[in-house]
Amino acid sequence: MSKREELLKWAREAQKNAYAPYSNFQVGAALLSAGGKVYTGSNVENSSYGLSICAERAAVFKAVNAGERDFALLAVVSSGQGYVFPCGACLQVLAEFSPEMKLIITDEKDHYKEYALQYMLPQIFALGKQEE
């Protein structure tokens with residue numbers, strides 16, 4: 001099994017823990033650190049929608065809390081149809097730590113495409129690092 005397929009499996013397992021009673025859109029993510037550890041996350045909704053968290057950020061925050069700061073690859077799966085992409089907030093959080101990382105985006109049949117984070121978020125916001 002390739003590392004990508006393994007990450008997709010981890011993401012599907014994380015998706016089972018999603019709490020999505022309002023949207024019924026369950027998302028799972030698996031984040032591979034540069035050191036080879038995997039951190040998972042699932043979306044957690046709240047009736048006050050702004051307090052919800054995406055699976056991608058849940059995985060990043062879990063990894064950062066464990067001391068990780070450098071990431072290589074993120075796999076994202078969902079219960080929706082078609083390819084699901086991370087929101088802008090998640091892309092920006094990922095860029096805070098690893099702007100060179102890759103993302104695996106899947107559809108409901110686990111077909112996947114791989115993108116560079118910089119392709120998905122070409123103008124990354126970084127305090128003190130803006131072009132003049």
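Visitor: In this predicted model, which residue in S5 stands opposite Ile104?

Guide: Ile104 faces Glu114 of S5. The pairing around them is antiparallel, with 5 bridges between S4 and strand S5, residues 112–116.

Visitor: How many residues lie between the strands of the hairpin of S4 and S5, and which of them takes a positive phi?

Guide: The hairpin has 5 residues between its strands, and Asp110 takes the positive phi, near 65°. Another positive phi, near 100°, belongs to Gly67, which follows H2.

Visitor: How should I read the side chains along a strand?

Guide: In a regular strand, side chains alternate between the two faces of the sheet.

Visitor: Is S3 largely enclosed or open, and why?

Guide: S3 is largely enclosed by the rest of the structure, because 7 of its 8 residues are buried. The cut-off for buried is under 20% relative accessible area.

Visitor: Which residues have the most contacts inside the largest nonpolar core?

Guide: They are Leu31, Leu74, Leu94, Met101, Leu103 and Leu117, in a core of 23 residues. The elements that give two or more residues to this core are S1, helix H2 (55–65), strand S3 (71–78), helix H3 (88–97), strand S4 (102–106) and helix H4 (117–120). There is also a second, separate core of 9 residues, and Leu7, Ala11, Ala30 and Leu73 are included in it.

Visitor: What does Leu117 touch, leaving aside its neighbours within four places in sequence?

Guide: With those neighbours left out, the contacts of Leu117 are Leu91, Leu94, Ala95, Ser98, Pro99, Met101 and Leu103.

Visitor: Which residues of H2 are buried, and what do they pack against?

Guide: The buried residues of H2 are Ala55, Glu56, Arg57, Ala58, Ala59, Val60 and Ala63. Their packing partners are S1, strand S2 (38–42), S3 and H3.

Visitor: How do I read a pair of charged side chains?

Guide: Side chains of opposite charge can pair when their charged atoms come close. The count in this model comes to 4 salt bridges. One of them joins Arg4 and Glu114, with an N to O distance of 2.4 Å. This pair links distant parts of the chain, since Arg4 is in helix H1 and Glu114 in strand S5, 110 residues apart.

Visitor: Which residue forms a salt bridge with Asp110?

Guide: Arg12 does, and the closest N and O atoms are 2.7 Å apart. Here too distant parts of the chain are linked: Arg12 lies in helix H1 and Asp110 in the loop between S4 and S5, 98 residues away. Asp110 is partly exposed, its relative accessible area being 33%.

Visitor: What is the salt-bridge partner of Glu13?

Guide: Glu13 pairs with Lys16, the closest N and O atoms being 2.8 Å apart. Glu13 counts as partly exposed at 43% relative accessibility, whereas Lys16 counts as exposed at 61%.

Visitor: Where is Ala116 found, and what is it in contact with beyond its neighbours within four places in sequence?

Guide: Ala116 belongs to strand S5. Apart from those neighbours, it is in contact with Met101 and Lys102. Ala116 is partly exposed, with a relative accessible area of 26%. From Ala116 to Gly80 the separation is 36 residues in sequence and 22 Å in space, C-alpha to C-alpha.

Visitor: Which residues form a nonpolar patch on the surface?

Guide: The patch is formed by Tyr19, Tyr22, Val44 and Tyr49, which together have about 440 Å² of accessible area. Tyr19 sits in the loop between helix H1 (3–15) and strand S1 (27–33). Its relative accessible area is 45%, so Tyr19 is partly exposed.

Key:
Residues are numbered from 1 along each chain as its sequence is written. This is a predicted model: local features need pLDDT of at least 70, side-chain atom pairs count only at pLDDT 80 or more; totals for chains, interfaces and linings use all residues. Side-chain values use heavy atoms; hydrogens and water are left out. Patches are made of residues with over 30% relative accessible area and no salt bridge: like charges are joined within 9 Å, nonpolar side chains (Val, Leu, Ile, Met, Phe, Trp, Tyr) within 5 Å. Accessible areas come from the Shrake-Rupley method with a 1.4 Å probe; for residues, only the protein chains shown count as cover. A salt bridge is a side-chain nitrogen of Lys or Arg within 4 Å of a carboxyl oxygen of Asp or Glu. Helices (H or I, at least four residues) and strands (E, at least two) are DSSP runs, numbered from the N terminus. Buried means under 20% relative accessible area, exposed over 50%, partly exposed in between (1.4 Å probe, protein chains only). A nonpolar core is a set of buried Ala, Val, Leu, Ile, Met, Phe, Trp, Tyr and Cys residues joined through side-chain atoms within 4.5 Å. Contact means heavy atoms within 4.5 Å. Two strands pair if DSSP finds at least two bridges between them.
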